[in-house]
Amino acid sequence: MAHAWGYGEHDGPAHWSESFPVANGPRQSPIDIIPSQAQFDPTLKQIKLKYDPTTAKSILNNGHSFQVDFADDDNRSTLLGGPVTGTYRLKQFHFHWGAADERGSEHTVGGTKFPCELHLVHWNTKYPNFGEAVNKPDGLAVVGVFLKIGGANPSLQKVLDALDAIRSKGKQTTLSNFDPKTLLPHNHHFWTYEGSLTTPPLYESVTWIVLRDAISVSPAQMAKFRTLLFSADGESPCCMVDNYRPPQPLKGRKVRSSFK
Ligand code: E5Z
Ligand code: ZN
């Protein structure tokens with residue numbers, strides 16, 4: 001594998017360590033969260049999410065997923081509390097999903113997979129910008145939210161309606177006035193552990209905050225995710241599906257929970 005990575009047979013997660021040796025490091029993500037082995041930590045604070053809908057800027061097909069990008073030049077959209085100290089600023093959110101509803105999440109819970117997982121990516125404002133934070137041990141805090149099959153999710157639909165405009169790799173369009181808080185479940189109980197980016201460069205820089213409760217997505221909405229393409233215009237069309245990394249070894253790490 002050169003520098004291009006993906007989710008295929010020849011460039012997928014099993015090959016990433018050839019170019020990114022940290023793939024076999026001590027704090028890789030995702031993991032299988034085994035609830036009975038997580039330790040309730042009464043010192044964990046509530047997570048405080050303050051999102052300003054006017055910070056939503058654009059939506060991009062980056063060839064691995066699609067991401068909604070936010071203005072991060074001030075503290076209008078932030079994460080505080082939970083397991084972290086200080087202020088983390090929202091940079092982007094994106095999803096991982098499967099070719100079928102039986103799989104697609106990165107984290108699993110007691111071996112159970114979900115059809116999709118949302119990641120809200122925040123960076124620690126003790127660093128000057130995202131690029132400086134991304135490879136620091138306390139640089140990022142990512143909130144993970146599972147999606148489960150159920151009723152159509154009206155908040156998600158606004159994002160999905162933009163996908164027709166960014167079907168292929170490299171395409172981008174505006175997405176304004178979107179409040180990511182509307183994508184979260186009402187209850188913010190979470191598991192937390194020290195991990196990594198789940199895609200190359202796999203930096204071991206992420207404090208993971210994985211919410212216990214899932215949000216709903218309809219089968220038709222899941223089908224809309226799968227209309228995106230990994231490929232750019234002019235390349236052979238290749239549906240963006242199964243863009244998840246499987247669970248990685250825990251290697252002695254502790255998973256803590258905010259709830260009993
Ligand atoms: N799936 S995830 O939530 O774990 C996740 C979140 C963010 C990224 C990847 C996965 C991400 N990737 C790009 C990394 C990057 O942001 O910007 N690398 C650039 C090289 C670099 C130091 C810049 N190195 N500074
Ligand atoms: Zn992700």
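Which protein donors does the zinc ion (ligand 2) have? They are His 94 through NE2, His 96 through NE2 and His 119 through ND1, lying 2.0 Å from the ion. Donors here are N, O and S atoms within 2.8 Å of the metal (3.2 Å for Na, K and Ca), and water is not among the atoms, so sites may look incomplete.

The model is a predicted one, in which local features need pLDDT of at least 70 and side-chain atom pairs count only at pLDDT 80 or more, while totals for chains, interfaces and linings use all residues. Residues are numbered from 1 along each chain as its sequence is written, chains are lettered from A and ligands numbered from 1 in the order in which they are written, and side-chain values use heavy atoms, with hydrogens and water left out.

The site of the zinc ion (ligand 2) is tetrahedral, with angles of 100 to 116 degrees among its four donor atoms. Four donors count as tetrahedral if all angles lie between 85 and 135 degrees. For four tetrahedral donors the ideal angle at a metal is 109.5 degrees. Along the chain, the donors of the zinc ion follow the spacing H-x1-H-x22-H. His 96 in strand β7 (residues 88–97) and His 119 in strand β9 (residues 116–124) are 23 residues apart, and this pair links distant parts of the chain. Strands are DSSP runs of E with at least two residues, helices are runs of H or I with at least four, and both are numbered from the N terminus. His 96 is buried, with a relative accessible area of 2%, and His 119 is buried at 1%. Buried means under 20% relative accessible area, exposed over 50%, and partly exposed in between, for a 1.4 Å probe and protein chains only.

His 94 also belongs to the next feature, the largest pocket. Gln 67, Gln 92, His 94, Leu 197 and Thr 199 lie nearest the centre of this pocket, among 21 lining residues. Its space is about 400 Å³. Strands β7, β9 and β10 (140–149) each supply at least two residues of the lining, and β7 gives the most, with three. The lining divides into eleven nonpolar, ten polar and no charged residues. In this division Ala, Val, Leu, Ile, Met, Phe, Trp, Tyr, Cys and Pro count as nonpolar, Asp, Glu, Lys and Arg as charged, and the others, Gly among them, as polar.

A pocket is an open set of points, on a 1 Å grid over the protein atoms alone, where a 1.4 Å probe fits, with protein on both sides within 12 Å along at least five of seven lines; lining residues have an atom within 4 Å of a point. Grid points are joined across faces, edges and corners, and a volume is the space filled by probe spheres set on the points.

The second largest pocket has a volume of about 240 Å³. Its lining residues include Trp 5, Tyr 7, Asp 11, His 64, Lys 169, Phe 230 and Glu 235. This lining divides into four nonpolar, five polar and three charged residues. Asp 11 lies in the segment before α1 and is partly exposed, at 25% relative accessibility.

The loop between β12 (190–195) and β13 (206–211) holds Ser 196. Ser 196 is buried, at 0% relative accessibility. Beyond its neighbours within four places in sequence, Ser 196 is in contact (heavy atoms within 4.5 Å) with residues including Arg 27, Ser 29, Leu 202, Trp 208 and Arg 245. Pro 201 has its place in the loop between β12 and β13, and the peptide bond from Pro 200 to Pro 201 is cis, with omega near 10 degrees. Leu 202 is found in the loop between β12 and β13; it has a positive phi of about 55 degrees although it is not a glycine, and at 0% relative accessibility it counts as buried.

Another cis peptide bond joins Ser 29 and Pro 30, with omega about 0 degrees. Pro 30 sits in the loop between α1 (16–19) and β1 (32–33).

Asp 72 is in the loop between β5 (66–70) and β6 (78–81). Is Asp 72 buried or exposed? Asp 72 is buried, with a relative accessible area of 18%. Leaving aside its neighbours within four places in sequence, Asp 72 is in contact with Arg 89, Leu 90, Lys 91, Trp 123 and Phe 130.

Key
Tetrahedral: all angles 85-135°; square planar, octahedral: opposite > 155°, others 65-115°.
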